[in-house]
Amino acid sequence: MSVSVLFIGGTGRISTSCVREAVAQGLDVTVLNRGRTSERAVPDGTEVLTADAGDPAAVKAVLGDRTFDAVVNWVVFTPEQVRRDIELFAGRTGQYLFISSASAYQTPPSHLPVTESTPLRNPFWQYSRDKIACEEILTAAYREEGFPATIIRPSHTYDETLLPFDGGWTVVERMRAGKPVIVHGDGTSLWTITHARDFAVGFTGLLGLDAAIGEAFHITGDEAPTWNQIFQHVAAAAGVDEPDLVHVPSDAIAAADPGWGPGLLGDKAHSMVFDNTKVKRLVPAFGQRTTPYKLGAREVVAWYDAHPEQQVVDAERDKVMDWLADRYAPHPMP
């Protein structure tokens, strides 16, 4: 009998790949979401239920008395939402998987590589602090009540629709126009970047697995290019041989654009390299199939080129980049 899993969400950047992998592995997959259109369709063989995950009464009504071997809620971000799910799924699932974030780890990390025992602390980003608070609630529920929680901490995970830069397509547009693009710091910090289909192999292997209950796992790639290399891979994919990279201190970027700052200072500004021994021990297939970012970047740019309606330039971020480039670009000697 196959493992039954309920994905709440299931059409997002990471979750779609996980749904596809679960179906491919023969799991009994149900997706529950609001039924809104998405460029990411669920695969054939998936049962789809329609309800708003933020409305517990609606979720109860659509689920009836059904139970699952595993429940994954991809749209939980706050302690209130976690408490709601504990009440909703206690006794209804053999495993509840919470999608946390690797940005919850000590930032900046005192040691690399990061392991699951690295302390959780991020004073820079409220998003990360909320994820830590959610984890604490679930850990207490497991210890005190036996609630079957498994915590998953993705790092920077992308599919063909996601560029790794703040500003997204704005950066590629600037590259192709020969304009300078902003790289935080000196561009030499290491950054782990993982394709969603690779993540999905490790994640799916944990579904319904008793040994994963009460445990936390990060699931990331083993490749950690520098940010200079990341920009260069995207530039090459976009047909730009020599991108004009202007290096700007992260603090200066955050001061110039408060919307850019928290995710930069609280995550991307610091080298992050992960030890995936723990998940590989339970899921030996993980890591045997990987996508180098050089190839992943080609997929992303090709997707944008095939979807011109998605080539949106952020006018405000574009102005900030112009201002930063003018201030920090090296100027020739007179």
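Visitor: What should I know before we start?

Guide: This is a predicted model, where local features need pLDDT of at least 70, side-chain atom pairs count only at pLDDT 80 or more, and totals for chains, interfaces and linings use all residues. Residues are numbered from 1 along each chain as its sequence is written, and side-chain values use heavy atoms, with hydrogens and water left out.

Visitor: What makes Asp 159 and Arg 13 a salt bridge?

Guide: A salt bridge is a side-chain nitrogen of Lys or Arg within 4 Å of a carboxyl oxygen of Asp or Glu. For Asp 159 and Arg 13, the closest N and O atoms are 3.9 Å apart, and that pair forms a salt bridge. The two sit in distant parts of the chain, 146 residues apart: Asp 159 in the loop between β7 (156-158) and α5 (169-176), and Arg 13 in the loop between β1 (4-8) and α1 (15-24). Those helix and strand names come from DSSP runs, numbered from the N terminus (helices are H or I with at least four residues, strands are E with at least two).

Visitor: What about Asp 322 and Lys 179?

Guide: Those side chains meet at 3.6 Å, N to O, in a salt bridge. This pair also links distant parts of the chain, 143 residues apart, with Asp 322 in helix α12 (residues 315-328) and Lys 179 in the loop between α5 and β8 (181-184). Asp 322 has 33% relative accessibility, so it counts as partly exposed, and so does Lys 179 at 29%. Salt bridges that share partners join Arg 174, Lys 179, Asp 318 and Asp 322 into one network.

Visitor: How many salt bridges does the structure hold?

Guide: The structure holds 16 salt bridges.

Visitor: On to rings! How many aromatic pairs does a search of the whole structure find?

Guide: The search finds 13 aromatic pairs.

Visitor: Why is the pair of Phe 7 and Trp 74 called stacked?

Guide: Rings of Phe, Tyr and Trp (its six-membered ring) pair if their centres lie within 6.5 Å; planes under 30 degrees apart count as stacked, over 60 as edge-to-face and the rest as tilted. The rings of Phe 7 and Trp 74 have centres 6.4 Å apart and planes at 15°, so the pair is stacked. Phe 7 lies in strand β1 and Trp 74 in the loop between β4 (70-73) and α3 (79-89), so the pair ties together parts that are 67 residues apart in sequence. Phe 7 is buried at 0% relative accessible area, and Trp 74 is buried at 11%. Phe 7, Trp 74, Phe 199 and Phe 203 form one aromatic cluster.

Visitor: What makes Lys 278 count as sitting over the ring of Phe 217?

Guide: A charge sits over a ring if NZ of Lys or CZ of Arg is within 6 Å of the ring centre and within 35 degrees of the ring normal. The charged end of Lys 278 sits over the ring of Phe 217, 4.9 Å from its centre.

Visitor: Why is α1 called oblique to α6?

Guide: Angles under 35 degrees count as roughly parallel, over 145 as roughly antiparallel, 65 to 115 as roughly perpendicular and the rest as oblique. The axes of α1 and helix α6 (residues 196-206) come within 8 Å and cross at roughly 55° (axes are lines fitted to C-alpha atoms, for helices over the stretch in contact, with angles from 0 to 180 degrees between N-to-C directions). That makes α1 oblique to α6.

Visitor: And what makes α2 roughly parallel to α3?

Guide: Helix α2 (residues 56-63) and α3 pack at about 30°, with axes 11 Å apart. That makes α2 roughly parallel to α3.

Visitor: How do you know that α6 is mostly covered?

Guide: Nine of its eleven residues are buried, including Phe 199 and Phe 203.

Notes:
Buried means under 20% relative accessible area, exposed over 50%, partly exposed in between (1.4 Å probe, protein chains only).
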